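This report describes selected structural features of the model shown below.

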Amino acid sequence: MSAALEIVGLEKAFGRLEVLRGIDLTVAEHEVVCLIGASGSGKSTLLRCINLIEPIDAGRIVIEGDEITAPAVDVDRIRRRIGIVFQSFNLFPHMSVLDNVTLAPRKVLRTTRALAEAEATHLLERFGLADKRVEFPDRLSGGQQQRVAIIRALAMRPDLLLLDEVTSALDPELVAEVLDVIRELAAGGMTMVIATHEMGFAREIADRVCFLDAGVVCEEGPPDRLFTDPSQPRTRQFLDRIIKAGRL
Amino acid sequence: MSAVVVFGGLGWVVVNAPNWPDVQRSFFDTERIAAAVPDLIRGLSTNIRLFLIAEALVLVIALVVAVVRSVPGPVFFPFRLMATVYTDVFRAVPGIVWIYLLGFGVPSLGLEGIPNDQFFWALVALTLVYAAYVSEVYRAGIDSVHPSQDAAARSLGLSRWQSLRHVVLPQAVRRVIPPLLNDFIGLQKDSVLVSFIGVVEIFRTAQIKQSANFNFSYYVGVALVFIVITVPMARLVDWLVARERRVRAAGGVR
């Protein structure tokens with residue numbers, strides 16, 4: 001059986017700034033992988049490359065056996081299978097919550113409005129947002145907006161969900177409600193790659209943690225080992241800084 | 001209060017000017033103005049027909065031009081170039097020159113099957129000039145929508161066109177309504193320029209009356225008519241701008 005996601009030798013530079021310098025990463029189906037690392041280590045860029053929002057310079061990305069970085073691949077078809085949730089929510093401000101969630105199913109999958117809205121309502125109920133269906137995003141708290149953004153991605157029934165520091169823009173008291181959603185998705189078997197600064201959460205939810213440093217996967221392993229007994233000095237330095245900052 | 005002093009003062013200066021009685025007779029003959037109003041309104045109906053049709057066409061053409069100019073990729077380069085040349089050329093040349101060139105030039109080609117009447121070509125000239133301006137307004141609106149909105153839409157699998165159609169343009173158009181209406185005020189006033197190629201409308205009507213009666217009051221009548229139709233629109237624009245600012249201040253971007 002092929003992996004849910006396989007990345008080989010991925011490179012990405014912005015002008016002369018090399019952000020990713022040969023990333024190798026394999027994610028199995030139903031696996032939750034957390035990416036940790038300092039700001040600027042390439043976590044977000046990696047996720048954006050997997051979704052093909054950023055064109056890559058070298059390497060291959062394979063989703064369930066299909067090489068999505070091959071030339072002449074229909075990127076719109078690929079993106080339907082990969083959900084991504086951004087740090088800054090990026091909800092569509094001119095649409096109600098319901099329209100935010102149903103836009104892609106209606107326009108991309110050609111689902112009827114009635115069916116798309118029924119499915120969206122079901123998802124909103126599941127995550128406690130059914131009463132917000134007709135609200136506009138600016139009427140919601142940050143935590144609610146981010147939950148809607150996750151639901152919007154889920155409405156496309158993605159095979160793989162990418163979460164890009166989804167709690168970093170939230171007030172501390174709103175972080176928990178978003179993490180609860182992610183926990184539930186993990187329990188339901190969703191394959192996820194999560195870039196995060198929440199080390200406690202990464203330790204709890206990840207099947208595997210990857211420490212990114214200087215554009216490569218410096219170290220990876222099960223969270224208990226990586227957080228307590230890292231083998232690489234750079235990983236240890238990073239974790240020491242996190243502990244000193246009181247974040248672990 | 002200070003406004004009353006200023007305007008009162010200016011009024012006093014004008015009314016006490018040595019030749020005021022003559023000026024009053026030839027510019028502010030209220031009886032002549034009142035008598036001319038029905039004819040002026042009849043002339044105005046041509047202006048209204050002209051600018052309403054032009055506005056509808058401008059809305060569509062300008063949007064197409066703006067979208068063409070903002071589509072990336074080398075494949076679209078010839079289209080981008082065409083759109084850019086169009087906006088540059090039609091904004092560079094004064095509107096009255098376009099009205100002359102199209103209004104006198106095209107009919108004299110004597111081509112079969114194309115309209116020959118002056119109204120039609122005046123309409124074309126004004127539409128093309130104002131579409132060039134308004135396309136820049138639209139483009140500013142499109143640029144003002146943060147790229148993350150497009151990224152979010154594309155990441156859900158929407159095509160480039162679907163993202164533009166459902167996510168970017170609705171937000172862009174909403175933001176540019178006030179400046180767009182502002183350009184329409186300009187268009188409505190510039191509709192009198194078509195009198196120069198012989199279209200009989202409000203200004204031409206006044207001109208005919210002026211030369212028949214050697215009195216300029218008819219132009220003051222034209223001014224009053226435009227004040228009546230333009231000022232409400234200007235107030236509407238201000239109100240929309242103020243409302244937009246309130247919504248933004250409240251943290252919303254809707």
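Two residues are in contact if their C-beta atoms, placed from the backbone, lie within 7 Å. By this criterion, and with residues up to four places away in sequence left out, A:Leu163 touches A:Val85, A:Ile182, A:Met192, A:Ile194 and A:Ala195.

The model is predicted: local features need pLDDT of at least 70, side-chain atom pairs count only at pLDDT 80 or more, and totals for chains, interfaces and linings use all residues. Residues are numbered from 1 along each chain as its sequence is written, while chains are lettered from A and ligands numbered from 1 in the order in which they are written.

## Nonpolar core

A nonpolar core is a set of buried Ala, Val, Leu, Ile, Met, Phe, Trp, Tyr and Cys residues joined through C-beta atoms within 7 Å. A residue is buried if 20 or more other C-beta atoms lie within 10 Å of its own, exposed if 12 or fewer, and partly exposed in between. The largest such core has 124 residues, and A:Leu163 and B:Tyr130 are among those with the most contacts inside it. Helix H6 (residues 118-144) of chain B contributes the largest share of this core, 14 residues.

## Helical elements

Helices (H or I, at least four residues) and strands (E, at least two) are DSSP runs, numbered from the N terminus. Helix H3 (residues 97-107) of chain A contains A:Leu98. A:Leu98 counts as partly exposed because it has 19 C-beta neighbours inside 10 Å.

Helix H1 (residues 2-15) of chain B is hardly covered, its count of buried residues being 0 among 14.
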